[in-house]
Amino acid sequence: MGGAVVREYRYIGKRIPPRDAFDKVTGIAPYVYDMELPGMLYVKLLQSTQPHARIKGIDYSKALSVSGVVAVATGRDFPFRIGIYVGDRDLLAIEKALWVGHPVAAVIAESPRAAEKALDLIEVDYEPLQPVFDPIEAMKPGAPLLHPDLGKYRISPAFKPRPGTNIANEFRLSKGDVDKGFSKASVVVEGEFSIPFMSHVYMETQAVIAHYKPNGYVDIWSSAQSPFSARYLLAMSLGMPVGRIRIHVPYVGGGFGGKAGLGWEPLAVMLSKKAGYRPVKLLFTRSEQMRLAPVVAGVKAWGKLGLDKEGRIVAYQARFIFDSGAFGDYTVNVSRTAGYACTGSYEVDNVECLSYAVYTNKIPTTALRGFGYPENHWVLERLIDMAAKKLGMDPAKVRSINLLKPGKSKTSTGARLREDAGDPQRVLEEVIGSLGWGREPSSTDKPWKIRAKGFALSVKGPSQPPDASSSAIIKFNEDGSVDVMVGTGNFGQGTVTSLAMIVAEEFGIPLDKVHVHEMRSTNDSAYTWQTVGSRGLFTDGSALLEAIKDAKSKIKRVASAVLRVSEDHLEIGDGKVYVKGKPWHYIPLERIVMGYLYENGNAIGGPIIGAGRHIAELNTFLDPETGQGTPTIFYTFGGTGVEVEVNVLTGEIKVVKAVQVFDIGKAINPLLVEGQMIGGFVMGQSRALYEELIFDEMGSVANPNLSFYYVARAKDMPDEWVLKIIETPQSDGPYGARGIGENVMIAVAPAIGNALYHGLSVDVRSLPLKAERVWRAIREQNPKLYKEALEAVKRSIRESYKKLREALVVAR
């Protein structure tokens, strides 16, 4: 009987450890933190003590007298602004300080100690101005303006700031007729939701070394996600030719979006120039990182959802207000993405979503893993469970009815979902099946602790310009090994290992003969737009496959002459080029990839180099009025389920079981995918239960350290894991693969929130779900449950006391 031939892979789909693991666990992986250059100086930044104030003067004469101090810079030295989407950032405060922590001066010295000593001697004359800390208040007419010149800033065309206000961007998604839709609803639910500011807490704080050379060239070593974007933006901001700027990125100790776009490179470059063209190093302590470097925006949201009597979504409205802090730079795009993707995994014919990025006198914000999707899912996935309960329908059934159907459904932006986009229905089935949804949770031996189950679905696609592109170059060495040049970064996500596996698979060579250098340099790495959006494997992998195809074509051209057969009759594998059907008739790759030498000394060919590229196809700009268009290159569907144990008397939540299911097209390396599933869940759990930046009455971060800013530890991890990979290949992805890096944390918070809602009849709509907040909600919303738990504790104490007395009697 005939049938499709299933290709057997040597590397693809195999569980191969990450290639950088040894370097990292042995401490030999190089980071910017470790680097020193001859003659290098050190920078420390003076932080504003005022949340909003005009800077009348800065006296740094005493600072210059400190031994070892080379120079002091202020905002007047660099009177221009920068930014990736909205050019609203200053290098140092120019005329006004906009938050407590805003750098107002920089000391450049021979040692960090000298720089720190000099900071204490700088005197700043402030004229306090009225601050605004609440984004809703900041939107009102007459609110104190942070950026009165907003209308003069450089703005990327996709964004719409409102000059004369604190609104850095407003976005509107409109599809269908929401009023008509709600008129057909049998059930309508609505509510307000909130998410606090948080820190990225990457292990390596931000660090940059810059050397502005007398010949006009600039070398930068940076802990960054986006060397090519940073180079372009830096060149544009400084008026320099792009080719004169070289950015080098070694290992990066985590990014999570916080090191994307343009970071502290421009300041370091200009300080190097001011210091007499000597290299300078800017390295943040953890406290500095959490007080003056961009963090994650807080969000205030509202949503309204309507279902008909069959459970179909007939209308959805939502509003997201992102507190972007003092600068909107990157958060404008996060808020925009939350808006255009607000309907999640579901087909909704009538939708209206408004999203805003708003300036306040707080620390600036930037991107975080998930990029607006965790925020919109926190609202929608909670509302679905609320509406299902009100309708008296299983929330799993409601989701099943409304799921997007590949090849048929249209997304919130009106784009038809491609036929091979994935299988959201199967994702749902696997999540509820693995969770045991519909079966009672297991009981505990402590009656004041209750087990509960909850789940949520998710979807995510890269948020990128329509022309975002990538490239790849491969070249061979004399022994037939391959050097791979790509631009995608190496932050722990494992993409580089997967790319090496692709090369080894395609040429049939040992994996250790594929070399991908840990350093990314804009002058000798292949271009990629940014390492963000879970796009690296999809885009750089596609470019790499094209580079491999190019190299194979060149190899076959030479081999055809040597083996005396047409190129069409040649195959490459097992480290050789051979005749199809006659594999014994071959040439080892090492004899041909540098040029073939005949016995008589004649030679043909030459060093083989393959080049490939990838650019998004058929993506469009979004309509500025309705938000309709095609914004992304793929969607990855997933789902998260949890079983939690809640201490009714304290509000503490322990996740005892975690279920992660994702349709990623093809798992190039299942081990790395599972690592993402686990790590992403823990990060999502940490955001859901613990993480929150706290602000004092001056808008200053009050917990800028890991003693008072709690992140999930090993002890907080779930007791049981269920990790499932679904493979519905996408035809234009490398081996059918789609990205997963961000998706894995998106649905965690709503899954836990839904578990509380179902198991305890407690509805908490503000993150994090800290013990005190949950405890108060239980006492207010379900006092009977709290009373029963309290009585159970009393009974337990009485029983224990009784047993103790009996034991004492026996002992006597």
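How do the residues of the lining of the largest cavity divide into nonpolar, polar and charged? They divide into twelve nonpolar, six polar and three charged; here Ala, Val, Leu, Ile, Met, Phe, Trp, Tyr, Cys and Pro count as nonpolar, Asp, Glu, Lys and Arg as charged, and the others, Gly among them, as polar.

This is a predicted model, in which local features need pLDDT of at least 70 and side-chain atom pairs pLDDT 80 or more, while totals for chains, interfaces and linings use all residues. Residues are numbered from 1 along each chain as its sequence is written, and side-chain values use heavy atoms, without hydrogens and water.

On a 1 Å grid over the protein atoms alone, a cavity is a set of points where a 1.4 Å probe fits but cannot get out, and a pocket is an open set with protein on both sides within 12 Å along at least five of seven lines; lining residues have an atom within 4 Å of a point. Points are joined across faces, edges and corners, and a volume is the space filled by probe spheres set on them.

Six cavities of 30 Å³ or more are present. Domain 1 (32-129 + 206-283) and domain 2 (295-464 + 620-779) both line the largest cavity, so it lies between them; the bounds come from an automatic or database domain assignment.

| Space | Volume | Lining | Nearest the centre |
|---|---|---|---|
| Largest cavity | About 260 Å³ | 21 residues | Arg 89, Gly 263, Trp 264, Pro 294, Phe 327 |
| Second largest pocket | About 690 Å³ | 30 residues | Tyr 85, Ser 156, Pro 465, Asp 467, Trp 529 |

For that pocket, α6 (227-238) and α9 (331-340) each give two or more lining residues, with α6 providing the largest share, six residues. Helices (H or I, at least four residues) are DSSP runs, numbered from the N terminus.
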